[in-house]
Amino acid sequence: TGYSTGPHLHVSLYASGSVSINQKTGVNVCVGKTVAMPIAAINGYLDPLKYLPATNSSMFKAGV
């Protein structure tokens with residue numbers, strides 16, 4: 001939905017050999033500031049779920 005209801009974490013994983021870090025001048029949020037941006041080929045992305053621990057229902061609050 002794009003709406004956060006609490007603290008959360010965004011995770012991105014890249015195959016390091018296919019990513020370059022480019023310096024870009026911000027145009028929306030960081031207007032005029034230089035930001036580092038990872039640029040990767042489409043086959044350079046990895047599935048972050050493969051690197052996270054398995055979950056089960058006891059890890060989540062009931063009724064949420």
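Accessible areas come from the Shrake-Rupley method with a 1.4 Å probe, and for residues only the protein chains shown count as cover. On that basis, the chain has an accessible surface of about 5,900 Å², of which 60% belongs to carbon and sulfur atoms. This is a predicted model, in which local features need pLDDT of at least 70 and side-chain atom pairs count only at pLDDT 80 or more, while totals for chains, interfaces and linings use all residues. Residues are numbered from 1 along each chain as its sequence is written, and side-chain values use heavy atoms, with hydrogens and water left out.

**The chain as a whole**
- The secondary structure comes to 0 helices and 2 strands, where helices (H or I, at least four residues) and strands (E, at least two) are DSSP runs numbered from the N terminus.
- Of the 64 residues in the chain, 5% are buried (buried means under 20% relative accessible area, exposed over 50%, partly exposed in between, with a 1.4 Å probe and protein chains only).

- G17 lies in the segment before β1 (19–25), and G17 is exposed, with a relative accessible area of 81%.
- G44 lies in the segment after β2 (34–40), and G44 counts as buried because its relative accessibility is 0%.
- The C-alpha atoms of G44 and V19 are separated by 6.9 Å, although these residues are 25 apart along the chain.
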